[in-house]
Amino acid sequence: MLTVHHLGRSQSERIVWLCEELGLEFELKRYERRKDTRLAPPEYKALHPMGTAPIITDGQLVLGESGAIVEYIIATYGKGRLAVKSGEPGFADYLYWFHFANGTLQPAVLRVRSLERVDPSEKNAVLQAAKEQLTLVFSTVEKRLGEVPYLAGPELTAADVMTVFSLTTMRLFKPYDLSPWTNILAYLQRIGARPAYQRAMQKADPDMTPLLGATP
């Protein structure tokens, strides 16, 4: 059976949500973060050479990386659902936003977080440039969500599954205010109203209220 190894309050919530949206049968194994470092416990790190969330196992297969896992599950169990195929309307948009999540959005947030830890002052020119880039990232997402209800178009796809973590749970680690971005906030309310998302978050992190509002 497909097993999702979920590290609490991590990117692996994406995989739980994906499975719920697809209506798949899967085993969920939850792991709590270490209290001293807030990192994954040894038993989670032992699952995969990289030791980072998410991780799935499927028979003898052990697979990491969000994007790889999402594509594997959709192709192997989802019959292509939640993906846009070549030749279909919105295919290029789907590809762009699917990869934008971990290729642009999440790194931009993490870059600001790391630079703030080194020197949070306004004199830190590199930090100020990173903040400008992050604003550009948010404004790009905001513009897109003013045009369509979901990132790839009229229907939810895996591009949304890849993106939402960085706009929600990630704010536990790098707080930021979404008040200026009304389209993003409306989008998060649409996501939060989805029964599959609600089930997934309840299973993955039952002690956490999803961060769907302007501030964490």
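Predicted model: local features only at pLDDT ≥ 70, side-chain atom pairs only at ≥ 80, totals over all residues.
**Entry 1: a loop residue**

I count a residue as buried when its relative accessible area is under 20%. Is Q11 buried or exposed? Its relative accessible area is 17%, so Q11 is buried. I found Q11 in the loop between β1 (2–7) and α1 (13–22).

Next I looked for partners of Q11. Its side chain makes a polar contact of 2.7 Å with the side chain of R14. Setting aside residues up to four places away in sequence, I noted that Q11 touches A53, P54, S66, N102, Q106 and F165.

**Entry 2: a covered helix**

F165 is among the buried ones, and so are A158, D160 and M162.

What do the buried residues of α6 pack against? My list reads α1, α3 (66–76), α4 (91–118), α5 (125–147), α7 (182–192) and α8 (195–204).

**Entry 3: a tyrosine in α8**

Y197 has 2% relative accessibility, so I count it as buried. Leaving out neighbours within four places in sequence, I saw Y197 in contact with W17, E21, V164, T168, I191, G192, P210 and L212. V164 was a friendly face: it is one of the buried residues of α6.

Y197 and V84 are 113 residues apart in sequence, and their C-alpha atoms are separated by 20 Å.

**Entry 4: stepping back**

Now for the whole chain. I counted eight helices and four strands. Along the sequence they run β-α-β-α-β-β-α-α-α-α-α-α.

Why do I call the chain's radius of gyration a match for a compact globule? A compact globule of 216 residues would have a value near 17 Å, and this chain has 17 Å, so the two agree. The C-alpha atoms fill a box of roughly 55 × 45 × 30 Å along the principal axes.

Buried residues make up 50% of the 216. Among contacts between residues at least 6 apart in sequence, 66% join residues at least 24 apart.

Last, the surface and the charges. The accessible surface is about 10500 Å², and 55% of it belongs to carbon and sulfur atoms. I noted 25 positive and 24 negative side chains, with the centres of the two sets 3 Å apart.

Note on methods:
Residues numbered from 1 in each chain as written. Heavy atoms only, no water. Helix = DSSP H or I, 4+ residues; strand = E, 2+ residues; numbered from the N terminus. Buried < 20%, exposed > 50% of the residue type's maximum accessible area, 1.4 Å probe, protein only. Polar contact = N/O pair within 3.5 Å; in protein donor to acceptor, adjacent residues only side chain to side chain. Contact = heavy atoms within 4.5 Å. Rg over C-alpha atoms; globule rule 2.2 N^0.38 Å. Areas by Shrake-Rupley, 256 points an atom, 1.4 Å probe, with all protein chains shown as cover. Lys, Arg positive; Asp, Glu negative; His and termini not counted. Charge placed at Lys NZ, Arg CZ, Asp CG, Glu CD.
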